[in-house]
Amino acid sequence: CFMNAVVQCLSNTDLFAEFLGLELYTSDHPVVIDHSTTGNVNGSMNVNLGAASDESVITTKGEVTTNLASLVRALWTLDYSPQLSVEFKNTVSKYSAQFRGNSQHDALEFLLWL
């Protein structure tokens, strides 16, 4: 439930869903998403894709983001299968012992980890 709540919320956040869906997270440089033609109040969004400088940070080398992007893209293109959720959950479990197993967790804690 906690993971589903976060994925659903993120997938319905337009700019973030577009960022994942268009695979803009794979860029090595900051990305600008221009919404001036869609009437977005903010006009554009600047995304900082800089690497973490803290040596203690465990890096997933983009595996979690890639799986989340696949899941969000599948939800919007009607290509969803339960296997995508299983793969995302397994990837999250691989990098965070806190979210292993089937225990209930706080959605905000998961969002902050993500």
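Leaving aside neighbours within four places in sequence, which residues is Arg100 in contact with? In this predicted model, Arg100 is in contact (heavy atoms within 4.5 Å) with Lys89, Ser93, Lys94 and His105. The model being predicted, local features need pLDDT of at least 70 and side-chain atom pairs count only at pLDDT 80 or more, while totals for chains, interfaces and linings use all residues. Residues are numbered from 1 along each chain as its sequence is written, and side-chain values use heavy atoms, with hydrogens and water left out.

The chain holds 5 helices and 2 strands, taken as DSSP runs numbered from the N terminus (helices: H or I, at least four residues; strands: E, at least two). Read from the N terminus, the order of elements is α-α-β-β-α-α-α. Of the 114 residues, 27% are buried; here buried means under 20% relative accessible area, exposed means over 50%, and partly exposed lies in between (1.4 Å probe, protein chains only). Among contacts with a separation of 6 or more, 51% join residues 24 or more positions apart. The chain exposes about 7,600 Å², with carbon and sulfur atoms supplying 54% of that area; accessible areas come from the Shrake-Rupley method with a 1.4 Å probe, and for residues only the protein chains shown count as cover.

Helix H3 spans residues 63–77. Its 15 residues reach 21 Å from first C-alpha to last, close to the 21 Å expected at 1.5 Å a residue, where the expected span is 1.5 Å times one less than the number of residues. Val64, Asn67, Leu68, Ala69, Leu71, Val72 and Ala74 of H3 are buried. After H3 comes Leu78, with a positive phi near 60°.

The structure holds 2 of them. One joins the side chains of Arg73 and Glu23 (3.5 Å, N to O). This pair links distant parts of the chain, 50 residues apart, with Arg73 in H3 and Glu23 in the loop between H2 and strand E1 (31–34). Arg73 is partly exposed at 24% relative accessible area, as is Glu23 at 39%. Lys94 and Glu63 form a salt bridge as well (3.1 Å, N to O). Lys94 lies in H4 and Glu63 in H3, so the pair ties together parts 31 residues apart in sequence. At 49% relative accessibility Lys94 counts as partly exposed, and Glu63 is partly exposed with 28%.

Back to the opening residue: Arg100 sits in the loop between H4 and H5 and, at 45% relative accessibility, counts as partly exposed. Its side chain reaches the backbone oxygen of Ser93 at 2.6 Å and that of Lys94 at 3.4 Å. Arg100 and Lys89 are 11 residues apart in sequence, with 8.4 Å between their C-alpha atoms. Ser93, found in helix H4, counts as buried because its relative accessibility is 12%. Not counting residues up to four places away in sequence, Ser93 touches Phe99 and Arg100.

Notes
A polar contact is a pair of N or O atoms within 3.5 Å; within protein, one must be able to donate a hydrogen and the other to accept it, and residues adjacent in sequence count only if both atoms are side-chain atoms. A salt bridge is a side-chain nitrogen of Lys or Arg within 4 Å of a carboxyl oxygen of Asp or Glu.
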